[in-house]
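Hi,

Here is the structure I promised to hand over. Have a look at it first, and then read my notes below.

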Amino acid sequence: MQPHAAVPHSSAAGRSLYAEAVAHARRGAVLSSVEALLGWDEQVLLPTAAGPHRAEQVAAVAAVVHGSRTDPAQGERLEELSRLTADGGDWTTDEQATVHLLLRDHRKHVRLPARLVAEIAGACIDGQQAWAEARRTSDWSLLAPSLKRIFALKREQAACQNPDLDPYDALLDDYEPGARAGEVAGLFDRLRPKIVALVRACDSSPSRPDDGILHHHVPRDVQDRFVRDVAGRIGYDFTRGRLDTSTHPFCSTTGPHDCRLTTRWDEQFLPTALFGVLHEAGHGLYEQGLPPESFGLPGGEATSLGIHESQSRLWENLVGRSLPFWEWCLPHARTAFPGVFAASSPEIVQRALLAVQPSLIRVEADEVTYNLHVMIRFDLERSLVRGDLSVADLPAAWDERYERDFGLRPPTPTEGVLQDIHWSAGLIGYFPTYTLGNVFAAQLMAAAERDLPSLAEDIAAGRFASLLEWLRLRVHRHGRLRDSGALVVEATGMPVSEQWLLESLWRRYGPAHGLAASLAPG
Ligand code: ZN
């Protein structure tokens with residue numbers, strides 16, 4: 001650190017340049033939040049006949065957003081600031097990181113030719129239509145040509161945006177900045193055999209959980225009141241958000257004080273809405289915990305999809321499927337739903353929520369087998385990007401992996417390779433973030449339990465503030481000034497490891513299936 005008087009790097013001119021760059025980034029984020037609001041409205045409220053005009057609105061706003069992101073004047077400011085802040089001076093490390101990340105984003109956007117952006121957008125619209133039709137008729141050949149084109153375009157995108165990276169790494173970097181496929185593959189290779197062993201042990205156990213007590217008729221308005229109460233209780237702030245209904249539940253941020261959740265309802269099965277809301281509220285708590293004063297800057301944005309998913313899975317699974325949670329929740333559920341849980345105990349409800357059932361469909365998978373579905377997709381998409389696997393051979397490769405990992409073979413492509421929309425929507429490199437989220441969630445929860453010795457008692461008493469405060473301090477307040485790996489290491493004081501996820505799964509699912517603790521991996 002140089003003495004203050006001798007610092008030339010943060011001259012008044014440098015400071016004013018920084019203020020201009022920050023103001024530009026915030027204006028861009030305000031515009032993008034309009035895009036987000038249009039997207040939310042389309043999923044939740046839009047009348048069917050309004051679709052074509054909405055498409056025009058979206059295209060008009062997207063053009064303005066693109067202009068802001070690729071503005072040459074902002075590029076010049078950021079290049080200059082990058083030189084000014086490079087050797088520190090009295091720029092803080094957060095300011096240096098802000099400049100570095102804004103410049104990285106800017107370069108990524110300007111490196112992408114407008115022609116390629118338009119081609120990818122068109123190919124993904126065609127791809128999603130082809131996917132819907134292929135799924136409806138279970139005819140792979142209807143999707144194959146679109147998918148071939150999308151993979152080729154995404155390889156081109158990777159080469160433009162990040163020519164120094166392996167193409168798959170470049171695509172993964174969009175969702176999980178800083179992560180590299182080689183490391184992810186290493187983590188998954190250690191995880192896979194141990195999860196397979198747990199699934200087999202659960203599946204062949206004579207003492208399997210019965211979820212019969214969860215199948216009860218509960219009217220939607222009664223469920224609605226209950227899940228709102230639970231979301232508010234864990235800390236979701238309804239003065240800065242909402243809960244609505246949509247076909248596919250999601251969480252959308254449309255401003256620094258406006259983060260909205262949606263859910264779907266099943267009047268015969270309460271867990272659909274309850275766990276959907278716990279999941280989305282976990283995303284919402286992360287967004288509500290980002291510093292509002294940094295809106296539009298890296299310090300006010302989520303760091304990665306993996307960390308986002310770690311927050312949703314932590315509340316949904318590590319809290320929501322724990323015994324302390326049901327010690328608190330069951331009396332409330334009994335009051336809200338008279339007669340429904342009359343003869344049960346927290347132990348019975350928790351056990352009913354821990355059934356493991358190998359199946360072919362990812363979105364219906366339980367917490368344990370879910371990761372196997374993800375790892376299959378990660379391996380296949382990586383081979384497709386590398387060119388080791390052709391789109392034509394994908395269905396056979398898919399079926400063969402399901403046979404190997406699950407002992408199940410999809411009877412039709414709709415129950416196999418056609419089940420997910422991701423690839424046909426151009427989301428390549430996205431899947432691994434789901435399991436990274438589970439790995440990060442378990443490690444964060446293990447560290448929170450270590451740091452908060454009374455955490456289980458707090459949860460059993462309906463006091464969730466200690467856990468939320470821990471997450472706010474260790475995770476939320478940093479925004480994306482740290483990559484996910486660095487964030488988890490700093491938050492937990494431990495290297496990123498699959499060990500915590502395995503421990504968490506065995507600790508809950510082992511006893512629920514009557515498995516001896518000695519079976520758990522050491
Ligand atoms: Zn999620």
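**The zinc site**

Along the chain, the donors of the zinc ion follow the spacing H-x3-H-x25-E. Donors here are N, O and S atoms within 2.8 Å of the metal (3.2 Å for Na, K and Ca), and water is not among the atoms, so sites may look incomplete. Before you go further: this is a predicted model, where local features need pLDDT of at least 70, side-chain atom pairs count only at pLDDT 80 or more, and totals for chains, interfaces and linings use all residues. Residues are numbered from 1 along each chain as its sequence is written, and side-chain values use heavy atoms, with hydrogens and water left out.

Back to the metal: His 279 (NE2), His 283 (NE2) and Glu 309 (OE) coordinate the zinc ion at 2.1 to 2.3 Å. Both histidines, His 279 and His 283, sit in helix H10, 4 residues apart, or about one turn of the helix. An α-helix has 3.6 residues a turn, so residues three or four places apart point the same way. His 279 counts as buried at 11% relative accessibility, and His 283 is buried too, at 9%. (Buried means under 20% relative accessible area, exposed over 50%, partly exposed in between, with a 1.4 Å probe and protein chains only.)

**The helix and the sheet**

Helices (H or I, at least four residues) and strands (E, at least two) are DSSP runs, numbered from the N terminus. H10 has 19 residues and reaches 26 Å from its first C-alpha to its last, close to the 27 Å expected; the expected span is 1.5 Å times one less than the number of residues. Since 18 of its 19 residues are buried, H10 is largely enclosed by the rest of the structure.

H10 (residues 271–289) lies across E1, E2 and E3, at about 165° to E3. Angles run from 0 to 180 degrees between N-to-C directions, with axes fitted to C-alpha atoms, for helices over the stretch in contact; contact means heavy atoms within 4.5 Å.

Those strands form an open sheet in the order E1-E3-E2, with mixed pairing (two strands pair if DSSP finds at least two bridges between them). E1 (243–245) and E2 (251–255) each have a single partner strand, so one side of each is left without a neighbour in the sheet. E1 and E3 (residues 258–263) run parallel, joined by 3 bridges.

Asp 258 lies in strand E3 and counts as buried, at 18% relative accessibility.

Cheers
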